[in-house]
Amino acid sequence: EASPKKLQQTISPAVSNSLRQLVHTNENVRVQNAVNLVQQLLRKSTDNQDTRERDYVLRRLVRGTGGSNNASKCGFYTALVGVLGALKNNLSLDEIFDVLDKELKVSKKATTKENADAYVGHVLVVTALQKCGMLAGKKKNQVVKALEYVVAASQQKAYHYKLSYSCLLGFLANQTEEEFKKTLLPFMRDNLKTSWEEQSVYSLHFLMEAQTRFPALIDEAFLEDFLGTKHILENGNFEKVYELFWAEKPETEIMQPAYDTLGKFAAKSKNFIKFWTFIVAKTTEHPNRAKEVITLKLATDALNSVNLTKGLVKMFSEKFLEMILRSLRQQTKDEVLKAVYLEFFDALFEALKKQEDKQMPVLRKLLCHPGTLLIDKYHFSNKILYKTIGVMKEETLKEFANFLRNILIDQEAKNPANSREKWLNTEKVVAVQIFQRIITTRLLAHETEWKLNQAKFLLNISIFFSNDGESVEKKSDLCVVPIELANHTMNLFYHGLEGSFSTMENGKVILGGLVEHCNAILGKKNPQKYLRREFSEKSLKIWADMYKTVKDLSEAGEKFLVFEVLMLSMGLQLFRDADVAQESLKELQSCVVRAKEKKTQLRSKDDSEPEWIEVLIDLILHLLSQGSSILRNIIKKVFPSLCPQLNLSAIYQILSLLDMKDGQNPLKYENEEDSEESGDEKDVKMNGNQEDSDEESNSEEEDDDDDEDVEDDEGTVTDKLRSAVSSALGFNGTESDQESVNLDDMSEEEGKRLDEALSAAFKIAHENKPRRKTKKDHREDTTLVHFRNRLIDLLVIYLKHNPELNVTLEIMIALYDMLPYCVDEESKPLLGKIQEALMILVNVRNFRNDGPQAVSTENLSNALAQLFRKNENPQSMEVRNNFVVKGVKFIISSCSKLSLPSDSIETTIGDFLTEFINTRNPTLNFTFFSSIFNISWLGLWTLCDNIRENGIATTTRSFRRIQSFDLLTILYKNHRLIKEDVEKASKALGQIEKALGSFLQSIPQITISLNEFKSLNLLLWEVQRCHKQIPELKAKMNWKEALEKVQEARLGIQLDATAMNSYTKLCSALGGSAVKNSEIQKPQKETNGVAEDAEMNETQEAVNGAPAGRGKKRKMQQQNQLKVKKNKKHSRLEAAADGLGDGINFAKNVDYSDED
């Protein structure tokens, strides 16, 4: 053999470097170099040199597993696994064992530390052999020899013992039952046999895994011989298991795999409940945090086991519940405890999800003593009650609802062992909330009769006096439902009332049943004795009218179903908010009368009375303005049924309240009118609540915290004040300032008139002065935003129910007009709602367009013109422009769907395209037109004429000409449009190509900029590609002349990378050769700047900074702006001085011309 020094010289540098890097402290570096080492060895051939290198690497790796620090051990072990896996066909076990004995030799001469590291290396090498599969299917003596290395190491120190059993578990996991019976089972009998008293966590873990995998081999006879006991978990062994896994163990021990195995093994054992009871008793006897964590870990693993069935309910013993409820109530911020509890409740939920028959028994354990109905209020519980209800079946839901009913009427004992312990009022409140949620769940949507009975129960205990929820009694001193709980139940009852039915027919049954129930009680003698709240004679009379009207409507048929449901809902509201309900019922009565009288929805020309749907919409808007979520839910439930009846006038009622142009608050205006009519209230009512008085609002104006910066408008308030004072003093041109007024010459009457005139002038100025917003103003603005959000919700409902196209267009325009007014912080929620509604609108595909209101092309063109109105608010420009594109696409698609002529639409868009090309500040931007040219619309061929006539011309500014080229490039890429009508496309594109040819002929007479040259090349390349891919198109371009003109323009321009790329592509496509920049003489720098259009220069300057030599021009622009500003101020002051006489003379205009 070669000497080690000579051998090392033959090793490749890459292999040596990888071996050195295996001791690096960074794990990623170690892994990467292990991979590199394996790759280097695999590349080698099988000659002697390579074999020597392989043997050298193997020795280094085996020796490295016995290194002195953990980083080197990990690095060499990782590389050894990879190398053995890659070369296992070329290596034998005997060869590896020889290397192991030589490189990691244990001797008396070595130090204790060296021998300890060697034993670690033995275990790691055997583990590597097992990992790469080299021990699988080998002879028994070879496997036993490998196991002997492990057993010898286990007899050393504690960490050797732990590492050895980890290796044995790896053996166990990879063996079949036959292999285990031949090799590992006899080895266990001979070498691992240990009495029960001497067992450790690791040996017991190995034994539990062995019995779990091979129960037929690790049977009672084996265990009695191996341990001295027939079962691992039996009464006499609980203490030892507790001592090993619980006693004086830190909470971090739960990360050991042994604890996972214990939970699954225990759940499978027939003694699980006895073992669990013992563990919980020992844990709660001397509780601490670590024991609680380990116990919860055991419970979590048991719940995750598929073998836990009968013991699930019995796990929740009184002591265990007391332990977990104590921790839940502490609301600690302990992250470890939080994670353990979340895992426990997740496992419980999954177990209950699989075992439906255990849901109610477990919930009773959690909710009754020592549990609590407030369990979901605790953060660690992970909403276990809420989640479990979500997976319950119908019968279980009904059973749980009955359990909650009994709690509310004190028929369910909180603690059967102590009758004095009652349910807390807060628990009953939660019970009502859960009960209401069960009633409104979708799973029970078809259980109309059952839901009606539950709703009657809530109605009885909240509005009437009842001790059992079934029968109503007269007021008594003793009532099981206190007034506080009754009030809370009533609110929840009304909040969930509309959610208890899914269709209008079900709503009629449920609401009708409740009204019949209430009517039977109100029909009794002196019904007030049965009611918890006062029910006036007026309400009783209105109730009777409502009941009679509903009976009449039920006989009239299905067409009055909406009125029935609305009247039933508002009738029940008499018990809650009598004033609103009375007013609403009167309006509904009027709507019913109108609906019965009018056979059609169309209003006759001489009829000035509003349609019934308009009166009903007015009532709905009034109810929405109340700000009540209960009323809002009622409206959302019935409004879809009204959508087919809605006409344009009814929609206009909603849109008028969304009009933000005048800046008025419609809620404030309406409520002020109501206040004036009553005469008793001086305060302004907002949403049915009394707001602060004028004195409070005046005091709030002095609050500095809510002051807003108000800009002084010199040209408005100050000028008006000056003019008013001038008129009061009588300076109307008859007197000059040099002829002053002598107050001694004034009579008393003249002085009074002067005082009054001056007072009036200053009063007007004070009223017109912009005031600062107060807290009350902010509240009103917020209320108005929420109200308009609710109105937009109605529009969204309408858009989802087959809307009329003419109405849809009006809604679209109204929502677009709102965008510029929703950019401030207070209106941001409204902006989001508008955007959401517009997205739904532009995606409407099914709409109605029939009758006298059918949309024509002219209507669509008018809608386009309104969309194209110039936006005066720059803050909302981006948002508005994005939706303008979507709106135009919607109009175009609607026109195509209805097969209407699109001439007027094409003309409208074409006019704006011409404006875009010819003006500097157009209404629509390039992004809009690029989006339009991407769609498949035949009207684009008409727009081509606008580009041909205005965009491709030498007189057009180069910046717009570049954008015209870009639009045409997009058009030529639109192959779908071209293939739709090739003949029409050929004609339009032929005209474009003729115009392009004429433009190319005029290139010598104009100057082409770099950007224009690039856009022109891209367009020509796209034209050539389009003709190549669609041969049906008739080519109109003379490509030879075109290439010559392009080359001629190229000679005067230095190209950048992108321009060179487009130019080279074009030359290649046309069969020409590209001219490089080095072949062109650089032109002298021009001073007049004719290379780019002014707009393009301004755009580039904004990004890259102004070029040199432009400082003088910028200075002149600043001076011109200053001149314009001073001239405006001078004109304003002159207008304000009109009438003040000749005493005030202004200086003449100063000439600010450039002195240079």
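Of the 1156 residues in the protein, 48% are buried, where buried means under 20% relative accessible area, exposed means over 50% and partly exposed lies in between (1.4 Å probe, protein chains only). This is a predicted model, in which local features need pLDDT of at least 70 and side-chain atom pairs count only at pLDDT 80 or more, while totals for chains, interfaces and linings use all residues. Residues are numbered from 1 along each chain as its sequence is written, and side-chain values use heavy atoms, with hydrogens and water left out. The protein has 52 helices and two strands; helices (H or I, at least four residues) and strands (E, at least two) are DSSP runs, numbered from the N terminus.

**Confidence**

- The mean pLDDT of the protein is 82, and 84% of its residues reach 70 or more; pLDDT is the predictor's confidence in each residue, from 0 to 100.
- The pLDDT is below 50 over residues 732–739, a stretch that has 10 contacts in the model beyond near neighbours in sequence; contact means heavy atoms within 4.5 Å.
- Over residues 1141–1156 the pLDDT likewise stays under 50, and the model has 19 contacts for this stretch beyond four places in sequence.

**Overall contacts, surface and cysteines**

- Of the contacts between residues at least 6 apart in sequence, 74% join residues at least 24 apart.
- The protein exposes about 59,300 Å², and carbon and sulfur atoms supply 48% of that area; accessible areas come from the Shrake-Rupley method with a 1.4 Å probe, and for residues only the protein chains shown count as cover.
- The count of disulfides is zero, a disulfide being a pair of cysteine sulfur atoms within 2.5 Å.
- Cysteine 167 has a relative accessible area of 3% and is therefore buried.
- Cysteine 591 is also buried, because its relative accessibility is 0%.

- The axes of helix 44 (residues 940–951) and helix 47 (residues 982–1001) come within 10 Å and cross at roughly 10 degrees. Axes are lines fitted to C-alpha atoms, for helices over the stretch in contact, and angles run from 0 to 180 degrees between N-to-C directions.
- Helix 44 and helix 47 are therefore roughly parallel to each other; angles under 35 degrees count as roughly parallel, over 145 as roughly antiparallel, 65 to 115 as roughly perpendicular and the rest as oblique.
- Helix 44 contributes Trp941, Cys944 and Arg948 to the contact, and helix 47 contributes Lys984, Ala985, Ala988, Leu989, Gln991, Ile992 and Ala995.
- Leucine 996 lies in helix 47 and is buried, because its relative accessible area is 1%.
- Not counting residues up to four places away in sequence, leucine 996 touches Ile952, Phe965, Leu1016, Leu1019, Leu1020 and Met1037.
- Leucine 996 and leucine 1016 are 20 residues apart along the chain, with 9.4 Å between their C-alpha atoms.

**Buried serines in loops**

- Serine 305 is placed in the loop between helix 16 (289–304) and helix 17 (311–314). With 10% relative accessibility, serine 305 counts as buried.
- Residues up to four places away in sequence aside, serine 305 touches Lys264 and Ala267.
- Serine 500 is placed in the loop between helix 25 (483–497) and helix 26 (504–522). Its relative accessibility is 4%, so serine 500 counts as buried.
- Leaving aside neighbours within four places in sequence, serine 500 is in contact with Ile439, Thr440, Lys451 and Ile510.
- Serine 500 and isoleucine 438 are 62 residues apart in sequence and 9.4 Å apart in space, C-alpha to C-alpha.

**Backbone features in loops**

- Histidine 369 and proline 370 are joined by a cis peptide bond, with omega about 0 degrees. Proline 370 is found in the loop between helix 20 (359–367) and helix 21 (384–390).
- Asparagine 802, in the loop between helix 37 (775–799) and helix 38 (805–818), has a phi near 50 degrees, a positive value in a residue other than glycine. Asparagine 802 is partly exposed, because its relative accessible area is 37%.
- Serine 899, in the loop between helix 41 (877–897) and helix 42 (903–918), has a positive phi near 55 degrees in a residue other than glycine. At 64% relative accessibility, serine 899 counts as exposed.
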